[in-house]
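I opened this entry to keep track of what I looked up, in the order in which I looked.

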Amino acid sequence: TNNPELNNNSSSIMSDTQPNLQQLVEELQSISTKWRLFGIFLGIPNDVLEVIDENKKNVEDKLLALCYKWPQIKPRGTWNDIVKALKNIQRLDLAEGLEKKYIKHHLSSSDTSYGRPELMSISPSHPYESDVTF
């Protein structure tokens, strides 16, 4: 009865859940030709993208490798990150569908900024941001 997924998400302050590999592959099949640009917007280092490109022959396998590698590089990555990357590659249709399906819509009471725009840049969902100033 110890479910690691529940334990992971219950301690999270993020507004959405972490996707698993099967979900990623199923949901992102239609973007396989844009896999590399999508990877860039997910924050995958270029050298990793190069290795995927060299080792995989077709775009579907490249996307699968990207979906496998992303959680290793960004272990706190969420559906929100996926949606942002999709918007950046102009796949608004898919982004909106995933928002409705996976992202919990919340009101300002659960917003990590507590209604204060100046706190948005220090949200716990962005621990790697280096441009935060006080």
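This is a predicted model: local features need pLDDT of at least 70, side-chain atom pairs count only at pLDDT 80 or more; totals for chains, interfaces and linings use all residues.

Residues are numbered from 1 along each chain as its sequence is written, and side-chain values use heavy atoms, with hydrogens and water left out.

**Core**

I looked up the largest nonpolar core and found that it has 26 residues, with Leu28, Ile31, Phe38, Leu66, Ile82, Leu86 and Leu98 having the most contacts inside it. Such a core is a set of buried Ala, Val, Leu, Ile, Met, Phe, Trp, Tyr and Cys residues joined through side-chain atoms within 4.5 Å; buried means under 20% relative accessible area, exposed over 50%, and partly exposed in between, with a 1.4 Å probe and protein chains only. At least two residues of this core come from each of α2 (21-28), α3, α4, α5, α6 (79-88) and α7 (92-102), where helices are DSSP runs (H or I, at least four residues) numbered from the N terminus.

I then followed Leu66, which, with residues up to four places away in sequence not counted, touches Trp35, Phe38, Gly39, Ile44, Leu49 and Ile52, contact being heavy atoms within 4.5 Å.

I also checked Ser32, which sits in the loop between α2 and α3 and counts as buried at 8% relative accessibility. Its contacts, leaving aside neighbours within four places in sequence, are Val59, Glu60 and Leu63.

**Aromatic pair**

The structure holds 1 aromatic pair. Trp79 and Tyr102 form this pair, and it is stacked, at 3.9 Å centre to centre with 10° between the planes; rings of Phe, Tyr and Trp (its six-membered ring) pair if their centres lie within 6.5 Å, and planes under 30 degrees apart count as stacked. Trp79 belongs to helix α6 and Tyr102 to helix α7, so the pair links distant parts of the chain, 23 residues apart. Both Trp79 and Tyr102 are buried.

**Salt bridges**

I counted 6 salt bridges in the structure, each being a side-chain nitrogen of Lys or Arg within 4 Å of a carboxyl oxygen of Asp or Glu. Which residues are linked in a network of salt bridges? I found Arg36, Glu50, Asp53 and Lys62 there.

Glu50 pairs with Arg36, their closest N and O atoms being 2.5 Å apart. Because Glu50 lies in helix α4 (residues 46-55) and Arg36 in helix α3 (residues 35-41), this pair ties together parts that are 14 residues apart in sequence.

Arg36 also forms a salt bridge with Asp53, where the closest N and O atoms are 3.5 Å apart, and this second pair ties together parts of α4 and α3 that are 17 residues apart in sequence. Asp53 in turn meets Lys62 in a salt bridge of 2.4 Å, N to O.

For accessibility I noted that Glu50 is partly exposed at 31%, Asp53 at 29% and Arg36 at 23%, whereas Lys62 is buried at 10%.

Notes. Rings of Phe, Tyr and Trp (its six-membered ring) pair if their centres lie within 6.5 Å; planes under 30 degrees apart count as stacked, over 60 as edge-to-face and the rest as tilted.
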